[in-house]
Amino acid sequence: QLRRSMAKLELYRKFTNSLAMSVVISIAWIGYELYFNATDPLSELWRRAWVIPAFWSVLSYVLLAIICALWSPSRNPTGFAYSEETGDEADEEGLSLVGSAVKGTGDIVNMHVFTEDKRA
């Protein structure tokens, strides 16, 4: 279980690093856009101006490709599965927030009404 958590942590670290790099590249590109627009107020460089909006499409495509590569199907599909914690311990705060709940077993449905916590 610890190994699975480390695998998830490594996956999310790679994703966080790629998002951080995209933010840094975006800030640099915004600087280039400002420089380009400041040096060409009359749009004389219209033949190169298509690169500015195209960059954002390319950046979003690269981020999508990174996401697809990171979350691609693997040989061990349960390696990143969320583990369910099972326990008979009831969360007292959780019970006080719930007004009613429906529990179904087969064709029989039981209605349980939880009373609010009387503690002050």
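The following dialogue takes a new reader through a predicted model, asking on what grounds its features are described.

Biologist: What elements make up the chain, and in which order do they run?

Modeller: The chain has three helices and two strands. From the N terminus on, the order is α-α-α-β-β.

Biologist: Why is Ser18 called buried?

Modeller: Buried means under 20% relative accessible area. Ser18 has a relative accessible area of 12%, and therefore Ser18 is buried. Ser18 is found in helix 1.

Biologist: Which residues does Ser18 touch, not counting residues up to four places away in sequence?

Modeller: Ser18 touches Leu63 and Ile66. Contact here means heavy atoms within 4.5 Å.

Biologist: Why is Leu19 called partly exposed?

Modeller: The class "partly exposed" lies between the limit for buried, under 20%, and the limit for exposed, over 50%. The relative accessibility of Leu19 is 35%, so Leu19 counts as partly exposed. Leu19, too, is placed in helix 1. From C-alpha to C-alpha, Leu19 and Leu63 are 7.8 Å apart in space, while 44 residues apart in sequence.

Biologist: Why does Tyr12 count as partly exposed?

Modeller: Tyr12 has 39% relative accessibility, and so counts as partly exposed. Tyr12 lies in helix 1. The C-alpha atoms of Tyr12 and Leu70 are separated by 9.0 Å, although these residues are 58 residues apart along the chain.

Biologist: Which residues make up the largest nonpolar core?

Modeller: The core has five residues in all: Trp29, Phe36, Ile52, Phe55 and Leu59. Helix 1 (2-39) and helix 2 are the elements that give two or more residues to this core. Helix 2 gives the most, with three residues.

Biologist: What makes such a set a nonpolar core?

Modeller: Its members must be buried residues of the nonpolar kinds, joined through side-chain atoms within 4.5 Å. Trp29, Phe36, Ile52, Phe55 and Leu59 make up the largest such set. For one of them, Ile52, the contacts beyond its neighbours within four places in sequence are Trp29, Glu33 and Phe36.

Biologist: How much of the chain is buried?

Modeller: Of the 120 residues in the chain, 12% are buried. The accessible surface of the chain comes to about 10700 Å², and 61% of this surface belongs to carbon and sulfur atoms.

Biologist: Which residues does UniProt list as "transmembrane region"?

Modeller: The unreviewed UniProt entry lists residues 12-30 and 50-71 under that name. In the model, residues 12-30 are 100% helix and 0% strand, with end C-alpha atoms 27 Å apart. Residues 50-71 are 91% helix and 0% strand, and their end C-alpha atoms are 32 Å apart.

Biologist: What share of the contacts with a separation of 6 or more comes from residues 24 or more positions apart?

Modeller: Such residues account for 53% of those contacts in the chain.

Methods. Residues are numbered from 1 along each chain as its sequence is written. This is a predicted model: local features need pLDDT of at least 70, side-chain atom pairs count only at pLDDT 80 or more; totals for chains, interfaces and linings use all residues. Side-chain values use heavy atoms; hydrogens and water are left out. Buried means under 20% relative accessible area, exposed over 50%, partly exposed in between (1.4 Å probe, protein chains only). Helices (H or I, at least four residues) and strands (E, at least two) are DSSP runs, numbered from the N terminus. UniProt positions are given in the numbering used here, feature names are shortened, and annotations may be inferred rather than shown by experiment. Accessible areas come from the Shrake-Rupley method with a 1.4 Å probe; for residues, only the protein chains shown count as cover.
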